[in-house]
Amino acid sequence: MRWGLILAALALATPATAQQFDFRGYADFRLVVPGGNERSWLDGGLGKLRYGKGGSGFQFAGAVGEGTLRLTPELSVVGVARVEPEQRTFADVLESYVRYKPVSTTQWRWSVKAGAFFAPMSLENSELGWSPYWTLTPSAINSWFGEELRTFGAEFTLDWRRDEGTLSFTASAYGANDPAGVLMADRGWAMDDRPTGLLDRVRISDATLIRMGDTPPDRTPLFKEFDHRPGWYAGATWSDASQWQVQLFRYDNEADPSAHEDDYFAWRTKFWDAGFSGHLDEFTLLAQAVTGTTEISPSPTFSSITDFRSAYALLGWERDEWRVAVRADLFQTRAHNSFGASPATSEDGHALTAAVSWLPNDWLKLTGEVLAIVSTRGERIVIGLAPDQSETQFQLSARVYLE
């Protein structure tokens, strides 16, 4: 973590001796109209969206800056920082890494990066600050990737380039992500555009704490190492010359489910990820699916396993300065422990998102988004709500860019 912060500071500073330094950033201002009777999970509720009950009106959604220090044409240092009212510190770091990508004149090309960064599994979140290209709010899958997963380690990529396309192989070894899975088990799926900062701690739902006999509020760290066992992910991607792509990844944090530090435990989280993207003239189709499990065994006589799965499909249209997208999400968890099924922490849900963006110039992006989500989770009874809840959130965003 210390090295990550050092790298971020190095990249976000402008040294006089650097060969090349690039900076870009944005500030995001929003008008929000949330729907439903639940507090957002960020405020300790079981609401599935970023803004819940009491979150209407004008919102400062945050400011993000990315600095890239190019030491040589092949070697660069990248740091991404965020300022936001919802995080624990005034400023936080989202990514911080060193990348080495030598020039290749053959069919083979390789690169390596080391530090703290997002795994390369998202088809949506390709913009600055790991934000989505088509919408304000990413899918349930990519929301969870940003909330709980971060690579603290190294990643190696090997490309085989052909006239027909490029076949890429990616492998990574990492640590300091043993608690990943706690949100999936205790909260379930959610949809928000707020990836967790490296210094932040996420809120545990009040309903979970009450059900376990604890007193809310409480927060849990996500980027910790308990068992000193490295996790890994590996995958392959085929990018066709005609602009379609398929990918398959396997992710396993290899955490010891019995390891813990104080009241915080390691969760063994593993999953498969498959994705597709295709382009035809002005239209783009994205589809992605994830299926996996997360497990904890705090004692020899008790264990808890949550099976999770989700999928989405997005259709986008783009012409000149306009982008329009619609997306459908499905998600589910099934929890069971040493005593049998756990319906209170199992859930089912679906969501529909529609977004329109207008980019009149290089420094401004205006986006309107409507997101409707319906979910069933038995745990809501603990806080006096019906298991079935629906939320409809409207956001109007003005994103001002600086380059």
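**Rings and cores in a predicted model**

At 1% relative accessibility, Y233 counts as buried, where buried means under 20% relative accessible area, exposed means over 50%, and partly exposed lies in between, using a 1.4 Å probe and protein chains only. Before we go further, a word on the model: it is predicted, so local features need pLDDT of at least 70, side-chain atom pairs count only at pLDDT 80 or more, and totals for chains, interfaces and linings use all residues. Residues are numbered from 1 along each chain as its sequence is written, and side-chain values use heavy atoms, with hydrogens and water left out.

Let us turn to the aromatic rings. Rings of Phe, Tyr and Trp (its six-membered ring) pair if their centres lie within 6.5 Å; planes under 30 degrees apart count as stacked, over 60 as edge-to-face and the rest as tilted. Across the whole structure, a search finds 23 aromatic pairs. In one of them, F29 and F58 have ring centres 6.3 Å apart and planes at 15 degrees, so the pair is stacked. This pair links distant parts of the chain, with F29 in strand β1 (residues 20–33) and F58 in strand β2 (residues 57–70), 29 residues apart. Here strands (E, at least two residues) and helices (H or I, at least four) are DSSP runs, numbered from the N terminus. F29 is partly exposed, with a relative accessible area of 33%, while F58 is exposed at 60%.

Now back to Y233. The rings of Y233 and Y251 have centres 5.6 Å apart and planes at 5 degrees, so these two are stacked. Y233 belongs to strand β10 (residues 231–240) and Y251 to strand β11 (residues 244–252), 18 residues apart, and the pair links distant parts of the chain. Y251 is buried too, with a relative accessible area of 1%. Both tyrosines belong to a cluster linked by ring pairs, together with W144, F145, Y174, W189, F271 and F308.

Some of these names return in the nonpolar core, a set of buried Ala, Val, Leu, Ile, Met, Phe, Trp, Tyr and Cys residues joined through side-chain atoms within 4.5 Å. The largest such core has 39 residues, and those with the most contacts inside it are M121, W144, F145, L149, W189 and F271. Helix α2 gives the most to this core, with 4 residues. A second, separate core of 18 residues includes V182, L198, L222 and F223.
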